[in-house]
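Here is a walk through a protein model, taken from its domains to its chain contact and then to some backbone details. Keep the structure open while you read.

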Amino acid sequence: MKVTIKNLTKRFSDMTAVNDFSAVIESGELIALLGPSGCGKSTMLNMISGILAPTEGKIFFDDEDVTDLSPEKRGVGLVFQNYALYPHMTVLENICFPLEIKKVPKEERIARAKEMAKLVHVDTMLDRKPGQMSGGQQQRVAIARALVKQPRILLLDEPLSNLDARLRIEMREEIRRIQQETGVTTIFVTHDQEEAMSISDHIVLMKDGFLQQYAKPQELYDEPANCFVADFLGNPPINKANGVIKNGKIVLEGDCEVELEAAKNIAEGREVTLSMRAEAIIVGEAEKACVGTVEEVYVMGKEVLAYVSLGTTKVRAYIDAEKTFDKGQTVNIGLKKRGVFVFDKETGERLA
Amino acid sequence: MSSTPVKKQKMTLEQFKLKSEWLVYFLPFFIGVLIFTLYPIVNVFLTSFKVDFNYITKEFSGWGLDNYKYVLSDPYFHQALKNTFGYVFVVIPISTCLAILIATLLNQKIKLSGLFQTAYFVPMVTSTIAVGFSWRFMFSHNYGIINYLLGFFNIAPINWLGDPANNFYALCIYGIWAILPFTIILLLSGLQNIDPMYYTAAKVDGAGPIRIFFRVTIPLLLPTIFMVIMVNTISCFKVFNELFPLFQGAGVANNLYTVVYYIYYQFRVLVPAQYGYATAAALILFIIIFIATMFQRFVEKKINN
């Protein structure tokens, strides 16, 4: 089912949680609502589910306007951050509960619940109470309970945040598998960029209630719309250096001149931020963009990370494990095309 | 190990102070418990087995079960048992159901809910006896507000306090009123401990308020309900205070003996005081309450599994 969100705004008494948000979510996709805490992503999810009423704007499921419909009439399946499994019911009873409300005959609802339990791999523990299960298993039951009523859309609120690191990777792949097997349009909220990058078809990146960029994960990484997007994605964090455009070159603080093809189209004297991913910086030989000084070299297993100063700014760069550099050595720095961006220093707008 | 023989040293005052420090913390409390709790309990237990015990001279003719035989065959004790059990079986279910209902309503986000919570708490901070007297007026045959209100439903005035047939009901109504605030407070705190996400989850699945109440709220509140029933059952078995403001005794025609009133009667009203009978009755009540509590624990465990 396709979800269309038009100019959605949610204001609480003293703050605007979501600001003029518009997006179209294609049928059958897995979408991540990504952003730092307080960016309005959970508010967004609650408005799609119908728990919160928007202040302005409209939500359409396919062509149906659901803005004023209550959650149960929208046909949404919701998985809560803390699962919200009823502790007094067994797994089977928990999964059956939504069907019980819909007055599905007992035999049919047990059959459907068992089928769901099988899909999420909890069919061997139907008689257990939630308290007797691990976090990952409870998560699976919560997904089964949300899916059993065949919702038009599945919504997950921070589905992985309560799990330990190993389980998190396992469960995110499980969510992907379950989503693909059922083909249900799914939206999940997360603040973890890696989580969003690894399983979603598209990412909605938000900040302070504003949509920053809505794109495929790789596109978000390779072609960030603004400085915030570039900052938010990637590990280690992207390197940033402030500078001014002079004679088609970027002059970084500390008089470090950087020659960059893209900089030639930017107006003279404009204050910019040069953002470079660690893997886009080539230390030593290659074609020279600027000159830097090696400050520190860390060997971390298969990777070698160097801290290099460009003018007064220190940047992290991956270097070839075979090359060796001394501390304080002056080196040529090359910049790859991919992973190097120029933003306006004030607005964060992408210039190149 | 060193081969020097262990010298038996005299403990210095410092060492003694260190070693006996715990006594300073322990004794004040323990002496209190000893005198005011343990001694009376043991004394009651022993006294109940003393035949022809004279409280003044402390003489008795021997050990035996005579007191129990007397109490168990006393028609007044039979009446006391009947009234006490009747009181428990009427007051507990009605007060528990009412309290759950009121606590659920108080737990809603309604205007003035703070005011209501205070209002329901008032009976708890007032004296049973003092408020009991105002209940006397409310129960009044000709002028009472209760009969006045019943008049709207075309119910003829009931002689609550004057007619022995109605005494028991008056006692129960008053008892329910007296027990409600404590029960409501406990249930309210139980309700507030339920995570609201369960309600949201049920609502998203389309559950209505009645289904949510019976399928989500009540099961999650069950531990508190059990606790409340247990505490209230124990206090209801000990019904006694409530008799005085309403009847100045065991009903208008000595028809409202309760077990505790019977105990009181044996050692406070009778001359000479019958301590043997009173203590025997007290131990019988203890056994009844003990069995009732164990039964409730058993039921609670059954339901939890």
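**Domains, contact and backbone**

In chain A, 5 residues of domain 1 are in contact with 5 residues of domain 2; contact between two residues requires C-beta atoms, placed from the backbone, within 7 Å of each other. On the side of domain 1 of chain A that touches domain 2 of chain A, 3 residues are nonpolar, 1 is polar and 1 is charged. Here nonpolar covers Ala, Val, Leu, Ile, Met, Phe, Trp, Tyr, Cys and Pro; charged covers Asp, Glu, Lys and Arg; the others, Gly among them, are polar.

The model is predicted: local features need pLDDT of at least 70, side-chain atom pairs count only at pLDDT 80 or more, and totals for chains, interfaces and linings use all residues. Residues are numbered from 1 along each chain as its sequence is written, while chains are lettered from A and ligands numbered from 1 in the order in which they are written.

Where do the domains of chain A run? Domain 1 spans 3-230 and domain 2 spans 239-344. These bounds come from an automatic or database domain assignment. The centres of the two domains of chain A, taken over C-alpha atoms, are 40 Å apart.

Pro236(A) sits in the loop between α9 (227-232) and β11 (239-246) of chain A. Helices (H or I, at least four residues) and strands (E, at least two) are DSSP runs, numbered from the N terminus. The peptide bond that joins Asn235(A) and Pro236(A) is cis, with omega about 0°.

Now turn to the contact between the chains. Chain A gives 15 residues and chain B gives 13 residues. On the side of chain B that touches chain A, α9 (196-204) and α10 (209-237) of chain B each supply at least two residues.

Asn7(A) is not a glycine, yet its phi is positive, about 45°. Asn7(A) belongs to strand β1 (residues 3-12) of chain A. Asn7(A) counts as exposed because it has 12 C-beta neighbours inside 10 Å. The scale is set by other C-beta atoms, placed from the backbone, within 10 Å of the residue's own: 20 or more is buried, 12 or fewer is exposed, and in between is partly exposed.

Asp62(A) is not a glycine either, and its phi is positive, about 50°. Asp62(A) lies in the loop between β4 (56-61) and β5 (64-65) of chain A. Is Asp62(A) buried or exposed? Asp62(A) is exposed, because 11 other C-beta atoms lie within 10 Å.
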